[in-house]
Amino acid sequence: MEKERLSILILGGTTESYNLAEILENQPIKVTTSLAGRTTSPRIPKGNWRIGGFGGTEGLIHYILKEKINLIIDATHPFARQMTEHAYEASRIAKVPLIRLERPLWKKQEKDIWLSVSNIDEAIAVIPKGKNILLALGRQHIAPFTQIDDAKFTARMLEYPEDMENYKNIEFIISYPNDLYQEKELLLDKKIDCIICRNSGGDTSYTKIKAARELEIPVIMIERLPLPNALIMHSVDDILAYLKNI
Ligand code: NAP
């Protein structure tokens, strides 16, 4: 495929998607990053961008055809399952190739104390009673924990939920994941006995896992479920190498 004729849609929202857009902006490729619009002041990617849902698979197909997209790169978060499924369907129906940029999973290390579960309900079932729990989950995943009254919850996230009044049993800390020292301080300061998080992979939020390892704090790890087939690449560099050769 001639580079000048490449028109790429990056389904974004992750660090990797911003990195990819920044690198591709300097190449003779039309690149548009799509953001879901979940946060009130999202970081704006380099190059073209759009914001908001497409309106399901059909909406995405319409967009792809209208904008003459000839390569979709799904660089969404590994737990953004619905967008990934829509991208897969849209790629299949519109016959536009799809690459999924999938961060490698975190692998349990020797000193990690992990309890692997498949979903939030399973995580809730194994919460140790009467303990201090850190919820390292997105805003949209914490509602089920409002029903639990025999544990104390701290939630670290980027923004307060809009319906704060519904989360009276949860203390919020608004911040990005920190460096190892600060992560350990947070865990010690809040006397955290257990972390609940998802196996997102990547470096940005791995420091909490390292901090938990060093402090011997157990982690209830929500593992990824299988996603639809796609051409999977594990890094921005892999995608750049692929693009050089098409
Ligand atoms: P999701 O459940 O897979 O998607 C729900 C709906 O949101 C999709 O059907 C789509 O709406 C819209 N959407 C999602 N990603 C979009 C994108 N990049 N561009 C345009 N529309 C998008 O997704 P989610 O878990 O809510 O995550 C939303 C976004 O936040 C993702 O882009 C993801 O990369 C980013 N993010 C998510 C997490 C997480 O923990 N899940 C963490 C960090 C960043 P329509 O059906 O209307 O097209």
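1. The lining of the second largest pocket divides into five nonpolar, three polar and four charged residues, where Ala, Val, Leu, Ile, Met, Phe, Trp, Tyr, Cys and Pro count as nonpolar, Asp, Glu, Lys and Arg as charged, and the others, Gly among them, as polar. Among these lining residues are Pro78, Phe79, Arg81, His141 and Arg198.

2. Please keep in mind that this is a predicted model, in which local features need pLDDT of at least 70 and side-chain atom pairs count only at pLDDT 80 or more, while totals for chains, interfaces and linings use all residues. Residues are numbered from 1 along each chain as its sequence is written, and side-chain values use heavy atoms, with hydrogens and water left out.

3. Turning to the ligand, Ser34, Arg38, Phe54, Met83 and Arg198 come nearest of the 22 residues around it, a residue being near if one of its heavy atoms lies within 4 Å. By class, this shell has six nonpolar, twelve polar and four charged residues, and α3 (81–94) gives the most to it, with four residues.

4. Polar contacts (pairs of N or O atoms within 3.5 Å) can be followed one by one. A polar side-chain atom of arginine 38 lies 2.8 Å from an oxygen atom of the ligand, whereas for methionine 83 a polar backbone atom is 2.8 Å from a ligand oxygen. For alanine 80, a polar backbone atom is 3.1 Å from an oxygen atom of the ligand. Taken alone the ligand exposes 800 Å², of which the protein buries 82%, with accessible areas from the Shrake-Rupley method with a 1.4 Å probe.

Key: 1 Å grid on protein atoms, 1.4 Å probe; cavity = no way out; pocket = protein on both sides within 12 Å on 5 of 7 lines; lining within 4 Å. Polar contact = N/O pair within 3.5 Å; in protein donor to acceptor, adjacent residues only side chain to side chain. Helix = DSSP H or I, 4+ residues; strand = E, 2+ residues; numbered from the N terminus.
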